[in-house]
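Hello,

Here is the structure you asked about, followed by notes on what turned up in it. Please read them with the model open.

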Amino acid sequence: MTVQETETKVLISHPKDASTQVTVLKYGATVISYKTKGIENLFLSEAAKLDGSKPVRGGIPLVFPVFGKETNPEDPLSKLPQHGLARNSHWEFLGESSPKEKDGVAVQFGLYPDIANQELTKLWDYDFTLILTLELTETSLRTNIEVTNPLNSKRDLKFHWLFHSYFKIDDIEDTFVTNLTGAKVYDQLLQENYVERLPVLQFQEEFDKIYSNVSPNILVQIVDRGEVLHTLKRTNLPDLVVWNPWVEKSKGMADFEPKTGFKHMVCAEAGHVKSYLVLKPGEKWVGEQTLCEEKLTYQAI
Ligand SMILES: O=P(O)(O)OC[C@H]1O[C@H](O)[C@H](O)[C@@H](O)[C@@H]1O
């Protein structure tokens, strides 16, 4: 069996090598594990809640329809908690779908207001259809999101989207995030805008920055002493949030364990978050990220 469904999870194993596998929690349609040849690619906190009581701390939580908090009180999105409602909702497993790659196995999940977290849809009463496709190959994981504003909806749908990927790394102080030189950046901690001048991003303290308008040709890589650990390819996801909570912020997160876990993770989050997307009734938007294996590539913007 390459796709196995339980009450709470879906496990996809690669038909040629079962040690290449993805585990998806139906809550949030959160990828909580992605292994290639038995090696885990994603960080998952030991204290992450997997019972639907709160969003998962680790893996790939999905952010929709708002990234962070909308601060304009006039905007209905301001009623929603940080990062919206997709990561706090039970998604429907739609089964297998046709893969794009010859050796791929693809599955789909759906979310609509009828099944989404009712506490939250009460606060933000908009119509939407989300279809998430996950495709596993021997060397990659493609995550594709299709957002539709249904034809019979009465209003425009305004939203952000983000794949909040937590990558597993050996040691944050040996890790670089590359290929963002020249990109516009907003430092969420200093609340300042500037252009990134560093040849690579390095981490020695809390880090929380939004790189915007990064061309789809740019491969963002997570590199440990010259070895590429992870490569991110993006379509329609121009913004990249890079985050590490470091010591103090980790202490403040009850579901972040062990407290030294920040040394073994970095978030590189591909999304559309610097501005909102707007769909009229009947319109659709698609965004995609692929985690894959690539040689070390040096690109400047
Ligand atoms: O604690 P959460 O709501 O899951 O958010 C975790 C983090 O998400 C993003 O990376 C933001 O840029 C950070 O500011 C935030 O702390």
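A polar side-chain atom of Q82 sits 3.0 Å from an oxygen atom of the ligand. R87 also places a polar side-chain atom by a ligand oxygen, at 2.8 Å. For Q188, the corresponding distance to an oxygen atom of the ligand is 2.9 Å. A polar contact here is a pair of N or O atoms within 3.5 Å; within protein, one must be able to donate a hydrogen and the other to accept it, and residues adjacent in sequence count only if both atoms are side-chain atoms. On its own the ligand has 390 Å² of accessible area, and the protein covers 88% of that. Those areas come from the Shrake-Rupley method with a 1.4 Å probe; for residues, only the protein chains shown count as cover.

Before going further, the ground rules. This is a predicted model: local features need pLDDT of at least 70, side-chain atom pairs count only at pLDDT 80 or more, and totals for chains, interfaces and linings use all residues. Residues are numbered from 1 along each chain as its sequence is written, and side-chain values use heavy atoms, with hydrogens and water left out.

**Ligand site**

Which residues are around the ligand? They are R57, F67, Q82, H83, R87, H164, Q188, D208, V241, W243, K249 and E269. Each has a heavy atom within 4 Å of the molecule. This shell divides into three nonpolar, four polar and five charged residues. In that count, Ala, Val, Leu, Ile, Met, Phe, Trp, Tyr, Cys and Pro are nonpolar, Asp, Glu, Lys and Arg are charged, and the others, Gly among them, are polar. The ligand takes up the space of the largest pocket.

Two strands pair if DSSP finds at least two bridges between them.

β13 (175-178) and β18 (220-224) are antiparallel over four bridges. T175 has D224 of β18 as its bridge partner. β18 also pairs antiparallel with β19 (227-235), over five bridges. There, Q221 is bridged to T231 in β19. β18 and β19 form a hairpin with two residues between them. R225, in that turn, has a positive phi of about 40 degrees. β19 then pairs with β22 (284-292), antiparallel, over five bridges. R234 has Q289 of β22 as its bridge partner.

**Five-strand sheet**

A second open sheet runs β1-β2-β3-β4-β5, with antiparallel pairing. β4 (30-36) and β5 run antiparallel and are joined by two bridges. K35 has E40 of β5 as its bridge partner. K37 is in the loop between β4 and β5. Phi of K37 is near 45 degrees, positive in a residue other than glycine.

The bond from F64 to P65 is cis, with omega near 0 degrees. P65 is in the loop between β6 (62-63) and β7. The bond from E257 to P258 is cis as well, with omega near -10 degrees. P258 lies in the loop between α2 (246-252) and β21 (265-279).

Best wishes

Notes. On a 1 Å grid over the protein atoms alone, a cavity is a set of points where a 1.4 Å probe fits but cannot get out, and a pocket is an open set with protein on both sides within 12 Å along at least five of seven lines; lining residues have an atom within 4 Å of a point. A molecule sits in a cavity or pocket if more than half of its atoms lie within 2 Å of its grid points.
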